[in-house]
Amino acid sequence: MLFLFVVALGTDYNILIADRIREEMQRPGPARTAVARAVRHTTPAIATAGLVLAGSFATLATTPGNEQIAFAMALGIMLSALVLSLVLVPALAALLGRSIWWPFHPKPTMGGHPQHQAHAPAPEPDQVTAY
């Protein structure tokens, strides 16, 4: 049960950072710069959410008989949020670059960030390249 909670909650943080990395890699420039921008913008949200959630589970330690579960949950959430989501996933993305999205990866767009292209025409099907 403990494993399922930690993996399920940690997956949310990984999805958040991976999605932001993918968005930033659609902008022109090196992949490492995109990862750095993604980490800079996403770290406060993930760290805060991880700390709050770990603190919430740590309060279970105040009830008799739940001390071990409370400690394990709090530690698992902290490791998942801070180590896995904010260190390991960005490090792998920086090392692998745009090839992390194999077999499909986003090509950099010339117009900048995709959110800033509200009035731009729909992207052509060839903007996502298959290997």
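On this tour, "contact" means heavy atoms within 4.5 Å. Keep in mind that you're looking at a predicted model, where local features need pLDDT of at least 70, side-chain atom pairs count only at pLDDT 80 or more, and totals for chains, interfaces and linings use all residues. Residues are numbered from 1 along each chain as its sequence is written, and side-chain values use heavy atoms, with hydrogens and water left out.

Start by selecting Ile21. Leaving aside neighbours within four places in sequence, Ile21 touches Val35, Ala38, Val89, Pro90, Ala93 and Trp101.

Now colour by secondary structure. You'll find 3 helices and 2 strands, in the order α-α-α-β-β along the sequence; these are DSSP runs numbered from the N terminus (helices: H or I, at least four residues; strands: E, at least two).

Next, pick H2 (residues 31–58) and H3 (residues 67–96). They pack at about 175 degrees with axes 9 Å apart; the axes are lines fitted to C-alpha atoms over the stretch in contact, and angles run from 0 to 180 degrees between N-to-C directions. So H2 is roughly antiparallel to H3 (the cut-off is over 145 degrees).

Then select Ile17, Ile21, Met25, Val35, Ile46 and Ala93. These have the most contacts inside the largest nonpolar core, which has 16 residues. Such a core is a set of buried Ala, Val, Leu, Ile, Met, Phe, Trp, Tyr and Cys residues joined through side-chain atoms within 4.5 Å, where buried means under 20% relative accessible area with a 1.4 Å probe, protein chains only. H2 gives the largest share, 6 residues.

Methods. Angles under 35 degrees count as roughly parallel, over 145 as roughly antiparallel, 65 to 115 as roughly perpendicular and the rest as oblique. Buried means under 20% relative accessible area, exposed over 50%, partly exposed in between (1.4 Å probe, protein chains only).
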